[in-house]
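I opened the notebook on two topics today.

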Amino acid sequence: MTIEREPDGNAMNAEALLEARGIRKSFGALKVLKGVDLTLARGEVVALIGPSGSGKSTLIRCLNMMEIPTAGTIHFHGKTIGREFRDAGDCTGIGTLRRHVGMVFQHFNLFPHKTVLENVTEGPIVVCGTPRAEAVAHALDLLSQVGLSQKRDAYPNHLSGGQKQRVAIARAMAMRPEVLLLDEVTSALDPELVGEVLAVIRRLVDDGITMAIVTHEMAFAADVADRVLFLDEGTIVAEGPPDETIRNPSNERLKAFVSRFNH
Ligand SMILES: Nc1ncnc2c1ncn2[C@@H]1O[C@H](COP(=O)(O)OP(=O)(O)O)[C@@H](O)[C@H]1O
Ligand SMILES: [Mg+2]
């Protein structure tokens, strides 16, 4: 892997795989993120919780530079991603970052005119130049892991929401990401389909995949996260292990927030 930018002068957290420092993001006059720090160590699972509109999606999108921060820096393997060159192609490191930091969205975003198998093989073949036979073998393994081997030739509009989301997760994993970002991946699902998707995510957690998970599933977050970040109005107002955040919050805003969920 090559990221062209040099590390900056600050001492890095030796454990940090992906790190956001001092992230600010505005849309016009709207200040969405007001200086946020987030560190993901290798193998760590961080849950990002907070009210709707607090900036969770914006923050997680900044982590792989799908959204370019207004200020602040993103570091991957200790190297600063060069936002100042964001239009100049892969020499910025942004393309490389996105290949290594996968993302799954609330609304699946599958290619509707491609089969399940083609959805999963597309990235490796087109973006990484993986030989087709190798991409197919890996995709079939991933589809088996998410319980969808029998749907390999189906088109997305013939799948349930839970099945679509499991394909989307397999598609992200097909790129062999070092970090996986999940943005409310169960929020668009009928309640009876949430469990099958959470089970797939839990397996990834057990496999040691480094993850940032935006979720309103408080019990699940408490269960799988090493650390929980509570974002409110563009600022991290509380951070800590699930026992000190979701299960026993001391911060008043966090307490009010988690009390709205049954867990
Ligand atoms: N591309 C955009 N252009 C303008 N405003 C945006 C854009 N993306 C998000 N916002 C605004 O930023 C705020 C935070 O949004 P978001 O990060 O999606 O919050 P969350 O995921 O916590 O619900 C909201 O007020 C939203 O309307
Ligand atoms: Mg969101």
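I looked up the shell around ligand 1 (a heavy atom within 4 Å). I listed Phe27, Leu30, Val32, Pro51, Ser52, Gly53, Ser54, Gly55, Lys56, Ser57 and Thr58. This is a predicted model: local features need pLDDT of at least 70, side-chain atom pairs pLDDT 80 or more, and totals for chains, interfaces and linings use all residues. Residues are numbered from 1 along each chain as written, chains are lettered from A and ligands numbered from 1 in written order, and side-chain values use heavy atoms, without hydrogens and water.

I sorted the shell by class: four nonpolar, six polar and one charged. Pro counts as nonpolar here, and Gly as polar.

Next I checked N or O atoms against ligand 1 oxygens. The side chain of Thr58 has such an atom at 2.5 Å. For backbone atoms I noted 2.7 Å at Gly53 and 3.2 Å at Ser54. The protein covers 58% of the 560 Å² of accessible area that ligand 1 has on its own (Shrake-Rupley, 1.4 Å probe).

I then asked which element gives the largest share of the shell. H1 does, with three residues (helices are DSSP H or I runs of at least four residues).

I moved on to the largest nonpolar core, which has 38 residues. A core joins buried Ala, Val, Leu, Ile, Met, Phe, Trp, Tyr and Cys through side-chain atoms within 4.5 Å; buried means under 20% relative accessible area (1.4 Å probe, protein chains only). Leu180, Ile201 and Met211 have the most contacts inside this core. H6 gives the most to this core, eight residues. I logged a second, separate core of 32 residues, including Leu17 and Val46.

Methods: Buried means under 20% relative accessible area, exposed over 50%, partly exposed in between (1.4 Å probe, protein chains only). Helices (H or I, at least four residues) and strands (E, at least two) are DSSP runs, numbered from the N terminus. A polar contact is a pair of N or O atoms within 3.5 Å; within protein, one must be able to donate a hydrogen and the other to accept it, and residues adjacent in sequence count only if both atoms are side-chain atoms.
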